[in-house]
Amino acid sequence: MEPVTLTTDRLYLRTFVSADIDEVYVAAQDPDIQRWTTIPSPYARVDAEYFIDRVVTEGWRTDTEYTFALRTEEHGPVVGAIGLHHPRAGAWEVGFWTAKECRGRGYMTEAVLKVARWAFTDLACTRLEWRAEVGNTGSRTVAEKAGFTMEGVLRAGLPNKGTLRDCWIASLLPTDLRLPSPLQHLPS
């Protein structure tokens, strides 16, 4: 798929480009981003280059991962990142980070809801999953504000820097956003 641009009242979500490498590198120096995400730690500029020039580009090209840079102005600085990845049986997983100086403003909740609507309408996503290491309360707060239903803890469910960690898991269904589902849901 060719990269798409999504907008909300306050945000521009578009794919990363090579010109964003330095901003991603600087943002990824935040100890919280390195602690709670699966990015390398320490995070070198070459890691940002690989992420943007290979991971992001290949994900869009192969329809296996769709990654967006968040901006509050069309050509403004990167304030965060959000991506859909690991497609399986109609379900996608969402992951994200917010630059330290931009946290607490509701940007990521807004972005998650926009990307979820796009996934449900354009990708025929049947279920959007969120996972985060137990203890990552910032990420959990975003998921809860976006309407995800907490489903529990997956023991050893998240590999991070060579260690399996317990993680929270939650889901969002199209019907949670008053959207039609491509498949009927038969609750237990």
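User: How many bridges join strand β7 (residues 149-160) to strand β8 (residues 163-172)?

Analyst: This is a predicted model, in which local features need pLDDT of at least 70, side-chain atom pairs count only at pLDDT 80 or more, and totals for chains, interfaces and linings use all residues. Helices (H or I, at least four residues) and strands (E, at least two) are DSSP runs numbered from the N terminus, and two strands pair if DSSP finds at least two bridges between them. Strands β7 and β8 run antiparallel, and the bridges joining them number 8.

User: Which residue in the hairpin of β7 and β8 takes a positive phi?

Analyst: Across the two strands, Met-150 stands opposite Ala-170 in β8. The hairpin has 2 residues between its strands. A positive phi near 55 degrees is taken by Lys-161.

User: Which strand gives the most to the lining of the largest pocket?

Analyst: A pocket is an open set of points on a 1 Å grid over the protein atoms alone, where a 1.4 Å probe fits, with protein on both sides within 12 Å along at least five of seven lines; lining residues have an atom within 4 Å of a point. The largest pocket is lined by 48 residues, with Trp-36, Thr-37, Gly-95, Phe-96 and Trp-97 nearest its centre. The lining divides into 23 nonpolar, 16 polar and 9 charged residues. With 6 residues, the strand that gives the most is β5 (residues 91-98).

User: What is the volume of the second largest pocket?

Analyst: A volume is the space filled by probe spheres set on the grid points, which are joined across faces, edges and corners. The largest pocket comes to about 1,300 Å³. For the second largest pocket, the volume is about 170 Å³.

User: Which element provides the largest share of the lining of the second largest pocket?

Analyst: Among the residues lining this pocket are Glu-23, Val-26, Ala-27, Val-78 and Cys-102. The elements giving two or more residues are α1 (21-27) and β4 (78-88). The largest share, 3 residues, comes from α1.

User: How many disulfides are there, and is Cys-125 buried or exposed?

Analyst: A disulfide is a pair of cysteine sulfur atoms within 2.5 Å, and the count is 0. Cys-125 is in no disulfide, its nearest cysteine sulfur, that of Cys-167, being 18 Å away. Buried means under 20% relative accessible area, exposed over 50%, and partly exposed in between (1.4 Å probe, protein chains only). Because its relative accessible area is 0%, Cys-125 is buried.

How values were computed:
Residues numbered from 1 in each chain as written. Heavy atoms only, no water. Nonpolar A, V, L, I, M, F, W, Y, C, P; charged D, E, K, R; others polar.
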